[in-house]
Amino acid sequence: MKIISFLGFLLLFGCVAEQKKEIETNKVTRKLKSTNFKIKKDSLFESYVHSLDTASVLYSAQSDSVFIKTYVGSFNNRDFVISIFIDKLINDSVFGHSIVAGNFQTFKGIRKKENGINTVVGFEPGTAREDGVFTFTLTDSIIEGNWKAYKKLKIEEFSYRLKAKEFNYNSENKLNEDEFYVNYKKEKTVKYEYEIEEGKKIEEVLSMYATTTPALFKYNASAQELNEEDLKELKKSDLMILRNSIFARHGFSFKNESLNYFFGWQSWYMPVSINVTGELTELEKKNIELIARFEKYAEEAYDSFGR
């Protein structure tokens with residue numbers, strides 16, 4: 001009888017303990033949900049990945065800090081700029097993420113060190129159609145290698161050579177006046193008639209594309225308060241670039257191909273985030289609102305360019 005009573009006590013104690021554990025777990029879950037965190041346990045280490053608007057990555061273990069940097073550069077004939085972040089390098093395990101063309105994705109892989117050369121193979125999770133695997137050599141100043149997609153894509157493989165660079169916001173970063181924005185997807189044709197000799201003419205059809213004008217470079221929407229008089233002389237693409245230059249200075253990664261190409265040629269541009277709304281200054285917010293009003297009704301400027 002005593003044995004039965006003792007077993008009953010153990011069962012009761014176990015149930016109470018489980019209920020208490022469940023209550024505590026629910027409290028933690030509610031707390032995590034209230035902060036909009038997405039938590040994923042890493043099976044290799046006591047570490048967690050959490051994603052907010054900036055999708056930053058934190059790990060609890062100690063790592064080889066000399067390589068904990070951001071590496072930046074172009075690929076695919078300079079169409080896009082990519083940033084690869086080495087977030088943690090623990091023994092032979094590598095944790096990082098990449099930002100390119102408005103996309104953020106983590107990767108996890110292994111490091112092999114031979115003859116003083118670090119070679120990393122980093123696997124993206126495969127949760128997105130555009131995921132793939134990075135293979136690169138790693139130093140404290142250069143990442144060089146390639147990326148291959150898991151699935152058949154428009155771009156299935158690309159190579160890159162990226163340099164270590166630290167991001168610093170600077171409202172005074174100016175647009176390069178030698179680089180004009182051209183949108184080859186916004187085209188119009190113009191017919192010209194030439195007289196090559198008396199009584200004989202030829203007709204030529206010229207393709208023209210939306211572009212910016214020199215007036216764009218007079219203004220910096222991150223450093224000066226704009227007014228209506230400033231914006232009246234600007235064309236639609238001028239206003240669009242002026243507005244997006246604000247986001248570019250904060251390290252925003254653009255999905256738009258023509259914006260990627262244009263800002264990729266700005267020496268100061270470095271994509272580090274897919275959401276910079278919280279980083280904007282009050283001056284920038286005010287200018288964005290004003291520019292957007294004019295941009296909606298502005299006429300486009302066109303010019304001819306060789307392709």
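Predicted model: local features only at pLDDT ≥ 70, side-chain atom pairs only at ≥ 80, totals over all residues.
Biologist: Where is helix H3, and what span should it have?

Modeller: Helix H3 covers residues 236-249. At 1.5 Å a residue, its 14 residues should span 20 Å, and the end C-alpha atoms are 20 Å apart, which agrees.

Biologist: How many of the residues of H3 are buried?

Modeller: Of the 14 residues, 13 are buried, so H3 is largely enclosed by the rest of the structure.

Biologist: Which residue with a positive phi follows H3?

Modeller: That residue is Gly-251, with a phi near 85 degrees.

Biologist: Turning to salt bridges, how many are there?

Modeller: The count comes to nine salt bridges. One of them joins Glu-233 to Lys-218, with the closest N and O atoms 2.9 Å apart.

Biologist: What parts of the chain does that pair link?

Modeller: The pair links distant parts: Glu-233 lies in the loop between helix H2 (228-232) and H3, whereas Lys-218 lies in the loop between strand S12 (200-211) and H2. The two residues are 15 residues apart. Glu-233 is partly exposed at 36% relative accessibility, and Lys-218 is exposed at 53%.

Biologist: And within helix H2, what separates Lys-232 and Glu-229?

Modeller: Lys-232 and Glu-229 are separated by about one helical turn, because they are three residues apart in helix H2. Their side chains meet in a salt bridge of 3.2 Å, N to O. Lys-232 is exposed at 56% relative accessibility, and Glu-229 is exposed at 57%.

Biologist: Which residue does Lys-112 meet in a salt bridge?

Modeller: The side chain of Lys-112 meets that of Glu-114, at 3.3 Å from N to O. Lys-112 is exposed, with a relative accessible area of 53%, while Glu-114 is partly exposed at 46%.

Terms used:
Residues numbered from 1 in each chain as written. Heavy atoms only, no water. Helix = DSSP H or I, 4+ residues; strand = E, 2+ residues; numbered from the N terminus. Expected span 1.5 Å × (residues − 1). Buried < 20%, exposed > 50% of the residue type's maximum accessible area, 1.4 Å probe, protein only. Salt bridge = Lys/Arg side-chain N within 4 Å of Asp/Glu carboxyl O.
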